[in-house]
Amino acid sequence: MLSLTATHSFSKENTAPTQQTRVKLQTTLGDIIIELDSQKAPITVSNFLKYIDNGFYNGTIFHRIIPGFMAQGGGFDINLQKKQTLAPIKNESNNGLKNDRATISMARTSNPDSATAQFFINYEDNNSLNYPVQRGSGYAVFGKVVEGMDIVDQMEKAPTGSRSGLRNVPKTNIVIEKALLLPQ
């Protein structure tokens, strides 16, 4: 006779929720929580966390905002002085993650392996930034905004102009007051 009750044995590994690394950017407009993908972008996430650990992002600004495209930060202080960075990292754009709305990616020069500290948050699905573009590479996505996208959207409405040789700079600084790793 077939029993209608069954006993299932699951190991703890199968039932435990996956812990995701999250970072909080406390800005002058409010908090942004970013979930990092260390499985698909281990080099990029490790690099980003090094900058957070040493307080690098504290006092930096979102220095480039292009409505309908992205908000870029992490490289300049409130006086638009470029901060000294660590060595560039290998580009991980071929990781299957796409530059979709609310994702965070590394900014870089035309050299695919030139990303250091600067990052950007996508306002829209930016397929033109996905692998493969420019020399067979793209812009490495390494996480996504999981809380505070309304803050990022608020930044999009900030009046911008040119300052210190840079374009699309918010006329009123949007400061990352503190960047910190959240407990898991």
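The following legends describe close-up views of a predicted model of one protein chain.

Residues are numbered from 1 along each chain as its sequence is written. In this predicted model, local features need pLDDT of at least 70, side-chain atom pairs count only at pLDDT 80 or more, totals for chains, interfaces and linings use all residues, and side-chain values use heavy atoms, with hydrogens and water left out.

**View 1. Overall arrangement of the protein chain.**
The protein chain holds 3 helices and 10 strands; helices (H or I, at least four residues) and strands (E, at least two) are DSSP runs, numbered from the N terminus. Read from the N terminus, the elements follow the order α-β-β-α-β-β-β-β-β-α-β-β-β. Of the 184 residues, 46% count as buried, where buried means under 20% relative accessible area, exposed over 50%, and partly exposed in between (1.4 Å probe, protein chains only).

**View 2**
A closed barrel of 8 strands runs β1-β2-β7-β5-β6-β4-β3-β10 with antiparallel pairing; two strands pair if DSSP finds at least two bridges between them. On average, neighbouring strands of this sheet are turned by 35° against each other, direction ignored. Helix α3 (residues 149-156) packs on the sheet, where α3 touches β1, β2, β3 (60-66), β4, β6 and β7, and its direction makes about 120° with that of β2. Axes here are lines fitted to C-alpha atoms, for helices over the stretch in contact, and angles run from 0 to 180 degrees between N-to-C directions.

**View 3. Helix α2 and its buried residues.**
Helix α2 has 12 residues and reaches 16 Å from its first C-alpha to its last, close to the 16 Å expected at 1.5 Å a residue; the expected span is 1.5 Å times one less than the number of residues. T44, V45, N47, F48, L49, Y51 and I52 of α2 are buried. These buried residues pack against β1 (21-27), β2 (30-36), β5, β6, β7 and β10 (175-181), contact meaning heavy atoms within 4.5 Å. Just after α2, G55 takes a positive phi of about 75°.

**View 4. The largest nonpolar core.**
A nonpolar core is a set of buried Ala, Val, Leu, Ile, Met, Phe, Trp, Tyr and Cys residues joined through side-chain atoms within 4.5 Å. Of the 34 residues in the largest one, L25, F48, Y57, F62, F119, F142 and M155 touch the most other members. Helix α2 (residues 42-53) gives the largest share of this core, 5 residues. Not counting residues up to four places away in sequence, F48 touches V23, L36, Y57, I104, F119 and F142.

**View 5. The hairpin of β8 and β9.**
Strands β8 (residues 160-163) and β9 (residues 166-170) run antiparallel and are joined by 3 bridges. T160 stands opposite P170 in β9. The hairpin has 2 residues between the strands, and S164 takes a positive phi near 50°. N168, in strand β9, also has a positive phi, near 65°, and is partly exposed, with a relative accessible area of 25%.

**View 6. Two backbone features in loops.**
Most residues other than glycine have a negative phi, and most peptide bonds are trans. L80, in the loop between β4 (70-77) and β5 (103-106), has a positive phi of about 60° although it is not a glycine. L80 is buried, with a relative accessible area of 7%. The peptide bond from Y131 to P132 is cis, with omega near -10°, and P132 is found in the loop between β6 (119-122) and β7 (141-147).
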